[in-house]
There are 2 protein chains.
Amino acid sequence: MQSTESKSKSGNSAEVSQTGRTLLNLRGMLLRGDFQPGERLSELPLVARLGVSRTPIRLALDRLAHEGLLEASPTGGFVVRAFSLEDIWDALETRGVLEGAAARLASERLEHDSELVQLREYRDELDAMIHAESDPEHLAVPDFDSYARYLDLNEAFHSEIVTLAKSAMLRRTLEQVKSIPFASPSAMVYVRSKLPRAPQILAVAHEHHRAIVEAIERKQGARAEALAREHAGMSRYNVEVALTEPSILSTVPGASLIRMPAAV
Amino acid sequence: MQSTESKSKSGNSAEVSQTGRTLLNLRGMLLRGDFQPGERLSELPLVARLGVSRTPIRLALDRLAHEGLLEASPTGGFVVRAFSLEDIWDALETRGVLEGAAARLASERLEHDSELVQLREYRDELDAMIHAESDPEHLAVPDFDSYARYLDLNEAFHSEIVTLAKSAMLRRTLEQVKSIPFASPSAMVYVRSKLPRAPQILAVAHEHHRAIVEAIERKQGARAEALAREHAGMSRYNVEVALTEPSILSTVPGASLIRMPAAV
DNA sequence: CAGCAAGTTTTTGCATGCAATCTCCGCGCA
DNA sequence: TGCGCGGAGATTGCATGCAAAAACTTGCTG
């Protein structure tokens, strides 16, 4: 009845549909910690909070349940999912397995060396960033932008490997796994910057990158797979450190959805 | 306690909610080949065909798009997805990787030998079926029920391995992969029965089963992983044969969604 | 005859009403 | 005092109306 609001068509974000906007909003709120794990998400309060009607909210809730951030209650409705530590380890393990498979397929399905141009470029850019970082003349306090840039590059590098695997199925599956908090590689990279021995860890990670590219271009499938798994396994250490440092933990999206085993 | 069915048709299935029933109906229709690949699924015709309103239909369509059987059109609405041969191979490859990981985790995370009781039971029952089958006095024309039973047992066996992997994440991911036509292990088992040398193939498959159990109980993770991958790889041969035999192909759910490369 | 444009029809996306169901709280009874 | 029960409010699932956008059709013009 009432004109909900003046929905200006201009200046809107890239998302045009109500459902899409609601999905992004809700996901953001969940990862930001606006809701407690186990909390029941009723539709009507969300109507007031998001300014859209129940229909797109229901659609978005359904999709979030498919993604795994929510659980469908048997009696109806949705509940914010709580992630145990085991869930995190399992997600990391699964991601490692899938990224390993992607690296192996990338090497097995390589046809022309030219396909690696983009991947090498990312590798070199990452390499340049690492060296600039370790450069003694570089400012000791790393700026936020360089982290964001490293994060994007890292993301692009790993995404390129999946592209080279030439498997839409694998990409889809990996996307689903990465939607779980802490399972996304980029989610934890920022943590590294606050770690002791961060430069060394970064060096190891980038050596993995270098070796993975080498294995792919030499069609060493098993090596590429093992390397990618090991590389993904480094995230576990990041999570472990993050869990001991609340100041770090609070910067990681979805941290509030973790249900700690005993205390805290 | 009141009569819940006031306007619902007589003799509905075990599914109570309209959305659930619609989801099952639509999935069945898709796998049965009631729609052509690429066909646009409009909501209104489905209202007439399924006897429910647009709301549960929209929900079901959305879920099927998440499962991968439908694609969301950029202009809105959903179209029946066409699967290429590469999609099938990729799905089988991904399933093999995940089932391999499940077998490895099952061995790595085994705590008490007693956890294997159920798995050994399935193995022995499968074993008994195989031997009964190869028994010369057994009727040469295998009855349909025994296939159904073998199928259930096979399904239970592999599901038990995933259970032993103790990873909800892995189970979820595997479920998604198996929702693609031809990617489910049980989808293709029936094909074997019509193959030449079916007994030999069955023997190899069951030797895999036996060896996987052995590897798990001996905590030979790498061996279990390799075996499970190899076992899943057998499905590829089944699909290849099925594709050459229309009479076999027509019995496999979802076969009509395959878009053949050149001719029919 | 071809191409474009305007009108028409279909279809989707969203909002909302309604009824069945669930939840929760208070009350009565053993 | 503890427990079952009933009812009122809250909540979900479903159906449907409505408007905007897409797709199709038709007619006009070069």
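Student: Why is α4(B) described as largely enclosed by the rest of the structure?

Tutor: The model is a predicted one, in which local features need pLDDT of at least 70 and side-chain atom pairs count only at pLDDT 80 or more, whereas totals for chains, interfaces and linings use all residues. Residues are numbered from 1 along each chain as its sequence is written, while chains are lettered from A and ligands numbered from 1 in the order in which they are written. A residue is called buried if 20 or more other C-beta atoms, placed from the backbone, lie within 10 Å of its own, exposed if there are 12 or fewer, and partly exposed in between. Of the 24 residues of α4(B), 20 are buried, so the helix is largely enclosed by the rest of the structure.

Student: Which residues bring α4(B) and α9(B) together?

Tutor: Two residues are in contact if their C-beta atoms, placed from the backbone, lie within 7 Å. B:Ala103, B:Ala106 and B:Ser107 of α4(B) meet B:Ile212, B:Ala215 and B:Ile216 of α9(B). Ala, Val, Leu, Ile, Met, Phe, Trp, Tyr, Cys and Pro count as nonpolar, Asp, Glu, Lys and Arg as charged, and the others, with Gly among them, as polar. By these classes the contact has five nonpolar, one polar and no charged residues. With axes taken as lines fitted to C-alpha atoms, for helices over the stretch in contact, and angles running from 0 to 180 degrees between N-to-C directions, the axes of α4(B) and α9(B) come within 7 Å and cross at roughly 40°.

Student: What does B:Ala102 touch beyond its neighbours within four places in sequence?

Tutor: Its contacts there are B:Ile161, B:Val162, B:Ala165, B:Leu170 and B:Ala228. A nonpolar core is a set of buried Ala, Val, Leu, Ile, Met, Phe, Trp, Tyr and Cys residues joined through C-beta atoms within 7 Å. In the largest such core, which has 84 residues, A:Ala102 and B:Ala102 touch the most other members.

Student: Which helices of chain B supply at least two residues each to the side that touches chain A?

Tutor: The contact takes 20 residues from each of chains A and B, and in chain B the helices are α3 (54–67), α4 (85–108) and α7 (168–178). The side of chain B divides into nine nonpolar, six polar and five charged residues.

Student: Which residues are closest to DNA strand D?

Tutor: A residue is near a strand or molecule if its C-beta atom, placed from the backbone, lies within 6 Å of it. Fourteen residues surround DNA strand D, and the closest are A:Gly76, A:Gly77, B:Gln18, B:Ser53 and B:Thr55. The surface divides into three nonpolar, nine polar and two charged residues, and its largest share, three residues, comes from α3(B).

Student: Why is B:Phe182 counted as buried, and why is A:Lys166 counted as partly exposed?

Tutor: B:Phe182 counts as buried because it has 28 C-beta neighbours inside 10 Å, whereas A:Lys166 counts as partly exposed because it has 18. Most residues other than glycine have a negative phi. B:Phe182, however, has a positive phi of about 75°, and the phi of A:Lys166 is near 55°. B:Phe182 is in the loop between α7 and α8 of chain B, and A:Lys166 is in the loop between α6 and α7 of chain A.

Student: How do you know whether A:Ser256 is buried or exposed?

Tutor: A:Ser256 has 20 C-beta neighbours inside 10 Å and therefore counts as buried.

Methods
Helix = DSSP H or I, 4+ residues; strand = E, 2+ residues; numbered from the N terminus.
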